[in-house]
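Subject: Handover of a structure

Dear colleague,

Please find below the structure that I am handing over to you.

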Amino acid sequence: MKIFAIRAGTVAGAYLATGLTVMIMVVLLRQTLPAAALRELLGFYFIAALAAGLDPGTAKALFVGRSREAGLWAVLGASALKALVVAPVLGLVWRFAAPGLSLAILLTTPLIVVAGFWATDVRVLLDLRGRHATAVWLKQGSLAAGFLVAAILVGTGVPLLWAVLTSSLPRLCLPVLAGWTDQAPASGTRSAIALLSKTPWLAFAGISVLGAAGGSIDRIVALRWLPTAGYSGYYLLYELFSRFWLLPYLITPILFARIAAGQGGGVFAAWSWRGTWIAGFAFVIGVAGVALGAPGLLHGFLGVNFGLPTVALAGAIAINALTQLRVAELQAAGGARQALLATLAGTLVAVVAFGFGVRQMGVDGLLWAWLLKSALEFSVAMVGGRRDHLH
């Protein structure tokens with residue numbers, strides 16, 4: 001328990017520090033950058049975070065399939081090939097959200113996606129070897145470092161294109177360095193092509209893609225249709241509240257590894273669920289107290305006041321944290337189909353609810369749509385109840 005507490009403290013420090021760094025940068029740049037430049041930079045942040053949130057499934061598929069016959073370069077190669085397939089789709093998403101973006105900037109999308117995929121797969125490799133603190137520092141630290149470099153460059157007048165290219169360098173190097181120092185890169189016999197054809201990565205990648213789509217449509221439609229002030233305020237609110245996902249971010253890799261290894265969830269799973277329920281309830285009550293009792297606090301940070309719908313977003317964030325625990329259990333125990341169905345349901349609702357909400361009600365519509373999407377997704381994931389062999 002003491003070792004877990006130390007690990008949890010390290011992971012929490014990494015997650016919260018990187019999130020705080022991004023929020024501070026946005027608050028400062030909002031005061032100095034022209035609206036158009038800030039909007040373009042926030043669009044880059046969104047696409048980079050979206051790519052980093054996608055799971056190529058390469059490393060997870062190796063572990064669940066009980067096959068370790070693949071070295072670092074094979075994993076990175078397979079991830080890069082997947083990134084090249086996904087990049088045009090994310091490029092179209094970026095163009096839809098920011099119609100005025102130059103073609104030169106859009107052409108950097110493959111680089112951004114490769115960096116995100118590499119960090120995700122190497123993070124899984126580190127998690128499965130028990131290096132949880134290193135894994136989260138790699139994942140969060142590389143993304144925050146890229147954001148910081150881009151913010152400094154854009155803030156000093158460097159064009160966004162060069163800021164994106166420069167900020168991608170540390171994000172490409174850090175996963176390679178972390179993977180290289182953690183395991184012998186030459187170990188394993190499988191090639192990148194073999195990993196694409198002979199491991200069950202599609203289920204993991206499919207759930208990740210659907211989850212990212214359902215959880216990102218809000219910012220896509222907000223970036224396209226909200227004014228810059230409204231979007232920046234919503235972006236900051238989302239970044240602030242999503243720090244609550246530190247809990248599943250910390251718990252799910254450990255839960256997945258234990259169940260996939262045949263150890264079951266046991267006491268750890270029981271306490272994880274109980275603790276997340278209690279923390280989620282406290283989070284929603286706290287947000288309600290601030291939003292309704294002291295709205296000036298949020299207004300000073302966000303630049304706008306969202307009122308009661310702020311509580312709806314808090315509830316959605318708390319419910320989604322529970323869904324993340326459930327999806328990790330299902331994936332590790334062979335229930336990927338149900339996890340995929342729940343994620344698909346949430347994505348379909350998000351497409352309609354977020355688009356309708358922002359066009360009809362602005363930011364308030366996004367916040368209420370989040371609650372609807374999260375509640376439905378959780379309900380589908382919990383169909384049949386939690387399985388006994390997960391405890």
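I begin with one arginine. The side chain of R243 has a polar atom 3.1 Å from the backbone oxygen of E239, a polar contact being a pair of N or O atoms within 3.5 Å, where within protein one must be able to donate a hydrogen and the other to accept it, and residues adjacent in sequence count only if both atoms are side-chain atoms.

Please note that this is a predicted model, in which local features need pLDDT of at least 70 and side-chain atom pairs count only at pLDDT 80 or more, while totals for chains, interfaces and linings use all residues. Residues are numbered from 1 along each chain as its sequence is written, and side-chain values use heavy atoms, with hydrogens and water left out.

R243 sits in the loop that runs between α11 (228-241) and α12 (246-260); helices (H or I, at least four residues) and strands (E, at least two) are DSSP runs, numbered from the N terminus. R243 counts as buried because its relative accessibility is 14% (buried is under 20% relative accessible area, exposed over 50%, partly exposed in between, with a 1.4 Å probe and protein chains only). Not counting residues up to four places away in sequence, R243 touches Y15, L16, G19, M23 and Q140, where contact means heavy atoms within 4.5 Å.

As for the chain as a whole, it has 17 helices and 0 strands. Of its 391 residues, 57% count as buried. Among contacts with a separation of 6 or more, 82% are between residues 24 or more positions apart.

L138, in helix α7 (residues 132-155), is one case to look at. With 7% relative accessibility, L138 is buried. Leaving aside neighbours within four places in sequence, the contacts of L138 include A119, V122, R123 and L174.

Among the buried residues of α2 are L38, L41, L42, F44 and F46.

Yours sincerely,
A colleague
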